[in-house]
Number of protein chains: 2
Amino acid sequence: MVNMSKEELQIALQNFEKEYEDVKKKGMALDMSRGKPGADQLDISMGMMDVLTSKDVLKDAKGTDLRNYGILDGIAEAKNLMADIMDVKPENVIVYGNASLTIMYDAISRAYTHGIMGSTPWCKLDKVKWLCPVPGYDRHFAITERFGFEMINIEMDENGPDMDMIEKLVAEDESIKGIWCVPKYSNPSGIVYSDEVVKRMAALKPAAKDFRIFWDNAYCVHHLYPEKGAEILNILDECEKAGNPDMVYIFASTSKISFPGSGVAAFASSKNNVEDVKKQLTIQTIGYDKINQLRHVKFFKDLDGVKAHMAKHADIIRPKFEMVLETLEKELGGKGIAKWTKPAGGYFISLTTLDGTAKEIVSLCKDAGLVLTPAGSTHPLKQDPKDNTIRIAPTYPDVEELKEAAHVLTLCVKLASARKLIETK
Amino acid sequence: MVNMSKEELQIALQNFEKEYEDVKKKGMALDMSRGKPGADQLDISMGMMDVLTSKDVLKDAKGTDLRNYGILDGIAEAKNLMADIMDVKPENVIVYGNASLTIMYDAISRAYTHGIMGSTPWCKLDKVKWLCPVPGYDRHFAITERFGFEMINIEMDENGPDMDMIEKLVAEDESIKGIWCVPKYSNPSGIVYSDEVVKRMAALKPAAKDFRIFWDNAYCVHHLYPEKGAEILNILDECEKAGNPDMVYIFASTSKISFPGSGVAAFASSKNNVEDVKKQLTIQTIGYDKINQLRHVKFFKDLDGVKAHMAKHADIIRPKFEMVLETLEKELGGKGIAKWTKPAGGYFISLTTLDGTAKEIVSLCKDAGLVLTPAGSTHPLKQDPKDNTIRIAPTYPDVEELKEAAHVLTLCVKLASARKLIETK
């Protein structure tokens with residue numbers, strides 16, 4: 001399409017606009033905006049509602065009554081399970097409540113109010129900066145925006161974020177206190193950090209002693225093709241090897257394994273960090289929901305149980321990803337107006353369109369009854385400098401809806417691209 | 001005992017010491033330190049484990065799938081239930097996760113990082129002060145200590161805190177930002193705030209616009225004698241009437257109704273405060289555990305269900321309170337060396353001993369195998385200026401253990417009192 005003459009583009013545009021008007025008339029109501037599991041995915045976890053009944057003894061292996069107060073950092077059995085999921089040792093884990101997002105907010109909030117391991121509380125500093133690989137997760141950026149941190153965009157390629165830039169920035173600038181990372185099946189690109197990226201990340205030499213990598217391993221077991229699932233290097237081990245044992249905070253949860261909102265979330269880090277966090281956590285809570293921790297342990301049993309469960313998720317969502325990817329290829333392939341990632345896991349596809357068209361495409365889709373994640377959401381302050389990134393979340397709609405949705409989306413991409421190309425000819 | 005001569009006291013002391021040595025030899029292991037329900041109390045909530053099974057549809061009345069993301073402020077049914085428990089309207093309620101302590105920490109932490117309704121963040125102020133009615137709850141004081149607030153002790157009598165002092169202080173000093181209150185069956189005294197105290201609290205004229213009353217109604221339905229349970233005035237209504245609609249934050253939870261750690265906690269306040277909190281909360285979380293909210297609603301059904309349930313709790317713990325109170329009366333009554341509160345609800349009895357003896361009594365008890373809450377814990381910074389306050393938590397041990405524990409306690413009170421009186425003769 002990029003090679004068409006202005007006249008050819010105008011004819012194509014007329015056809016797209018006619019088709020778009022037809023689509024609009026259908027009055028569809030489709031949603032590809034959020035990374036939510038579909039109801040059929042939730043159904044596979046319903047057995048969890050039966051593993052604990054009034055006839056069960058709600059105690060851990062040590063005999064502690066899990067119905068009562070106590071156990072700040074999670075029951076041993078849940079620590080073991082989350083440690084296996086996160087590829088760390090149980091002594092490095094704190095099991096929390098239902099949401100890893102809350103753990104991340106808390107970690108930043110505590111650093112802001114009290115510092116990290118005795119460092120100056122960030123609220124007492126003139127400026128705090130934060131590195132944000134883009135495209136990234138809107139809820140991450142919302143936290144660092146909330147605390148008024150200056151966010152610095154870091155470009156990503158298929159191996160992860162631009163390490164040259166990160167190494168340079170953190171070494172020079174003491175006000176840079178952290179970085180958001182989704183290292184595996186990144187939100188929204190699906191990128192998996194290469195071994196080299198993980199090693200270089202672990203070997204950073206930040207000017208700030210209280211610099212922390214926020215390693216949100218949200219999709220650690222979320223493969224679309226379990227038999228050839230991606231593995232990343234263990235960041236905790238790599239940090240240790242590189243002489244930076246305390247530089248990383250790792251986060252994960254069962255939100256997209258069991259039930260979003262009713263899962264179990266966990267934090268993992270060095271022993272020093274775990275002690276530092278627990279000392280503060282004991283002021284915040286007496287403990288998290290241990291019965292729900294036990295429920296998860298009883299249902300999944302171990303990592304193999306989790307893997308078998310995740311294979312069922314994969315069976316449900318893989319056709320959805322494939323449907324969208326096929327439609328993208330069929331409708332947009334070879335036209336020079338868009339490229340997209342082909343994730344092997346996670347919850348998203350990232351679509352890159354012609355510069356200056358993403359907002360228009362999302363807006364066109366909305367008017368045609370298809371809700372997408374707002375353009376810009378993939379970047380700090382919701383400002384995508386090139387206005388060319390669209391996050392596609394294919395998991396929630398059913399396959400038939402998704403087919404229509406993908407069709408509407410590609411049509412809107414073509415329409416907006418034709419307009420943009422005509423403008424620039 | 002206070003009227004005994006030095007010689008009489010010395011003879012008495014010898015007897016107490018002999019008895020104490022005998023007790024020590026028994027090698028007991030008793031615990032009256034924490035306000036935990038006993039296992040028999042937890043048993044009455046076990047039905048909760050059966051109300052949701054894999055055959056149930058986990059949706060709210062509107063049809064929202066509660067297994068998925070969403071609903072920041074709690075499902076409507078849980079709001080209704082918590083509103084009834086807290087004696088407020090559902091629109092004034094946010095239902096959280098498992099712990100009201102976490103809500104309180106969060107509320108203070110957010111005021112510290114971002115202010116309240118646009119006020120200067122407290123971290124930017126030179127000084128923040130906080131009013132602490134004493135004796136009070138150690139975990140409250142730990143939060144305000146954590147944030148470095150200067151805590152000001154406020155004496156309490158049988159009607160609640162000293163309102164003359166509070167009125168004067170808050171009117172004069174803009175750095176006073178809040179007050180901890182447990183208005184009903186106060187921890188640890190069991191005091192219930194009188195109508196006059198509630199009205200004067202609601203009518204405060206604080207110099208600080210962002211002054212908030214932290215109204216921890218932890219024991220709102222926790223009567224020992226349900227048929228004549230205490231009621232307090234509705235602080236939210238009273239604040240509204242007094243022209244201070246936004247001055248109070250109310251907290252409650254089902255921790256001592258269902259399961260501590262696996263319950264449901266809630267916040268209630270004016271519409272303005274609820275909006276202000278929700279705006280911030282949406283950065284912290286996507287939502288709390290809605291399945292557990294539904295579980296509570298299904299089990300309790302409504303306020304009448306909660307009341308019937310609380311009557312069962314009362315039947316279990318009333319004999320424990322009565323046993324301790326009888327022992328106190330029998331062993332210490334009329335001796336002039338101790339007085340104690342006679343709570344009609346809540347989880348604690350407050351014992352006031354001779355000045356300068358509380359630490360010694362707790363230490364004597366410990367050596368005899370009875371763990372009490374550390375002396376001083378009832379006051380900010382764990383400093384009880386008169387060293388005369390001991391918190392008794394009678395709910396966790398069984399009645400037989402409690403009988404022994406109360407005996408050891410009263411013996412240690414007599415022993416320490418005799419020593420103290422001899423010293424001062």
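Two residues are in contact if their C-beta atoms, placed from the backbone, lie within 7 Å. The model is predicted: local features need pLDDT of at least 70, side-chain atom pairs count only at pLDDT 80 or more, and totals for chains, interfaces and linings use all residues. Residues are numbered from 1 along each chain as its sequence is written, while chains are lettered from A and ligands numbered from 1 in the order in which they are written.

**Stop 1: chain A as a whole**

Select chain A. Among its contacts with a separation of 6 or more, 77% join residues 24 or more positions apart. Its secondary structure comes to 13 helices and 13 strands. Those are DSSP runs, numbered from the N terminus: helices are H or I with at least four residues, strands are E with at least two. The C-alpha atoms fill a box of roughly 75 × 55 × 35 Å along the principal axes. Buried residues make up 54% of the 425 in chain A. A residue is buried if 20 or more other C-beta atoms lie within 10 Å of its own, exposed if 12 or fewer, and partly exposed in between.

**Stop 2: two crossing helices**

Select residues 6–25 and 399–424 of chain A. These are α1 and α13, whose axes come within 9 Å and cross at roughly 145°. Axes are lines fitted to C-alpha atoms, for helices over the stretch in contact, and angles run from 0 to 180 degrees between N-to-C directions. Now show side chains. In α1(A), the residues that meet α13(A) include A:Leu9, A:Leu13 and A:Phe16. On the α13(A) side, look for A:Leu411, A:Leu415 and A:Ile422, among others. This contact divides into 12 nonpolar, 1 polar and 5 charged residues. Ala, Val, Leu, Ile, Met, Phe, Trp, Tyr, Cys and Pro count as nonpolar, Asp, Glu, Lys and Arg as charged, and the others, Gly among them, as polar.

**Stop 3: where the chains meet**

Show both chains. How many residues of chain A are in contact with chain B? There are 44, and they touch 43 residues of chain B. On the chain A side, α2, α4, α5, α9 and α10 each supply at least two residues. Helix α4(A) gives the most, with 6. By class, this side has 21 nonpolar, 15 polar and 8 charged residues.

**Stop 4: α5 of chain B**

Select residues 138–146 of chain B. In this helix, B:His140, B:Phe141, B:Ile143 and B:Thr144 are buried. They sit on the same side of α5(B), because they cover an arc of only 155° around the axis. The arc is that of the directions from the helix axis to the C-beta atoms. What covers these buried residues includes α9 of chain A, along with α4, β3, β4 and β6 of chain B. Just after the helix, B:Gly148 takes a positive phi of about 75°.

**Stop 5: backbone details in loops**

Go to A:Pro188, in the loop between β6 and α7 of chain A. A cis peptide bond joins A:Asn187 to A:Pro188, with omega about 10°. In chain B, the bond from B:Asn187 to B:Pro188 is cis, with omega near 5°.

Next, select A:Lys301, between α10 and α11 of chain A. Its phi is positive, near 70°, and the residue is not a glycine. A:Lys301 counts as partly exposed, with 14 C-beta neighbours inside 10 Å.

Finish at B:Asp87, in the loop between α3 and β2 of chain B. B:Asp87 has a positive phi of about 60°, although it is not a glycine. Buried or exposed? B:Asp87 is buried, with 20 other C-beta atoms within 10 Å.
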